[in-house]
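Here is a friendly note to keep beside you as you look through the model for the first time. Please read the points in order, with the structure open.

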Amino acid sequence: MIKVLFADDHEMVRIGVSSYLSAQPDIDVIAEADDGTEAVALALELKPDIILMDLVMREMDGIEATKKITAEWPEAKIIIVTSFLDDEKVYPALEAGATSYMLKTSKASEIAKAIRATYSGQSILEPEVTGKIMSKMRQPSSPQLHEQLTEREIEVLRLMTEGKNNQQIADELFIALKTVKVHVSNILSKLDVQDRTQAVIYAFNQKLYEK
């Protein structure tokens with residue numbers, strides 16, 4: 001079972017989505033929070049597999065809550081589920097440590113798919129979100145950081161942009177899972193990014209691959 005914490009200050013949204021998710025054979029909504037402060041406390045106490053995080057909540061917003069959670073628990077997998085596509089919301093949320101970004105207009109079935117994909121190691125971004133980030137994001141250092149990558153690391157990065165997780169990359173390249181993890185770590189270090197999502201955004205921003 002994929003254990004999920006759902007943080008949203010709209011009770012009807014929580015009820016609707018949670019009801020659908022709880023009916024899935026592989027997903028268990030173990031707790032709900034109606035503000036950012038409660039979300040942080042429950043996340044660090046329960047250590048769920050996935051956290052669904054609204055952005056605009058009372059007391060503490062989703063961006064600040066995401067920062068606090070990932071600061072204490074870097075392995076946390078957080079899916080932003082929000083109505084906002086504003087530039088000042090999208091990129092800061094991902095920079096704070098969110099793994100995926102979904103819109104509340106998404107069907108509950110699509111959110112369930114995003115939960116499964118994120119749990120397996122993928123990063124899910126709505127098409128509108130990807131477009132905004134690609135136009136907004138600028139690397140603070142040299143735009144040629146990718147020139148440090150080896151040919152194999154370039155291959156691994158390409159497969160990352162296709163949404164493949166480490167095991168799928170290992171299977172496609174016929175290499176050990178441990179080797180893939182080393183390559184991914186090297187890619188993040190050489191590109192000076194914190195996670196897979198930022199590495200993929202960098203690749204698209206530098207036009208290394210076709211979207």
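Predicted model: local features only at pLDDT ≥ 70, side-chain atom pairs only at ≥ 80, totals over all residues.

1. A word on the record comes before the site itself: UniProt positions are given in the numbering used here, feature names are shortened, and annotations may be inferred rather than shown by experiment. The UniProt annotation "modified residue: 4-aspartylphosphate", from an unreviewed entry, covers Asp54.

2. Residues are numbered from 1 along each chain as its sequence is written, and side-chain values use heavy atoms, with hydrogens and water left out.

3. Where does Asp54 lie? You will find Asp54 in the loop between β3 (50–53) and α3; helices (H or I, at least four residues) and strands (E, at least two) are DSSP runs, numbered from the N terminus. Asp54 counts as buried, at 3% relative accessibility. Here buried means under 20% relative accessible area, exposed means over 50%, and partly exposed is in between (1.4 Å probe, protein chains only). Leaving aside neighbours within four places in sequence, Asp54 is in contact (heavy atoms within 4.5 Å) with Ala7, Asp8, Asp9, His10, Gly62, Val81, Thr82 and Lys104.

4. Gly62 lies in helix α3 and counts as buried, with 0% relative accessibility. Besides Asp54, Gly62 touches Met53, Leu55 and Met57, not counting residues up to four places away in sequence. Pro25 is 37 residues from Gly62 along the chain, and their C-alpha atoms are separated by 28 Å.

5. Now to Lys89, which has its place in helix α4 (residues 87–96). Not counting residues up to four places away in sequence, Lys89 touches Leu55, Val56, Ile63, Phe84 and Tyr101. Lys89 and Val193 are 104 residues apart in sequence, and 19 Å apart in space, C-alpha to C-alpha.

6. How many salt bridges does a search of the whole structure find? The search finds 11, where a salt bridge is a side-chain nitrogen of Lys or Arg within 4 Å of a carboxyl oxygen of Asp or Glu. One of them joins the side chains of Glu64 and Lys68, at 3.9 Å from N to O. Glu64 and Lys68 are separated by about one helical turn, because they are 4 residues apart in helix α3 (residues 62–72). Glu64 is partly exposed, at a relative accessible area of 33%, and Lys68 is partly exposed at 36% relative accessibility.

7. Helix α7 (residues 151–161) holds another pair, Arg152 and Glu155, placed 3 residues apart, about one turn of the helix. Their side chains meet in a salt bridge with an N to O distance of 3.2 Å. Arg152 is partly exposed at 30% relative accessibility, and Glu155 is partly exposed with a relative accessible area of 30%.

8. A further salt bridge, 2.9 Å from N to O, brings together the side chains of Glu153 and Lys190. Glu153 lies in helix α7 and Lys190 in helix α9 (residues 177–191), so this pair ties together parts that are 37 residues apart in sequence. Elsewhere, salt bridges that share partners join Arg158, Glu162, Lys164 and Glu172 into one network.

9. Stay with helix α7 a moment. Its buried residues are Glu153, Val156, Leu157, Leu159, Met160 and Thr161, and what covers them includes α8, α9 and α10. Just after α7, Gly163 takes a positive phi of about 85°.

10. Finally, the largest pocket holds about 600 Å³ of space. A pocket, on a 1 Å grid over the protein atoms alone, is an open set of points where a 1.4 Å probe fits, with protein on both sides within 12 Å along at least five of seven lines; lining residues have an atom within 4 Å of a point. Grid points are joined across faces, edges and corners, and the volume is the space filled by probe spheres set on the points. Of the 24 residues lining the largest pocket, Pro74, Glu75, Thr99, Asp195 and Arg196 lie nearest its centre. The elements giving two or more residues to this lining are α8 (166–173), α9 and α10 (196–205), and the largest share, 4 residues, comes from α9.
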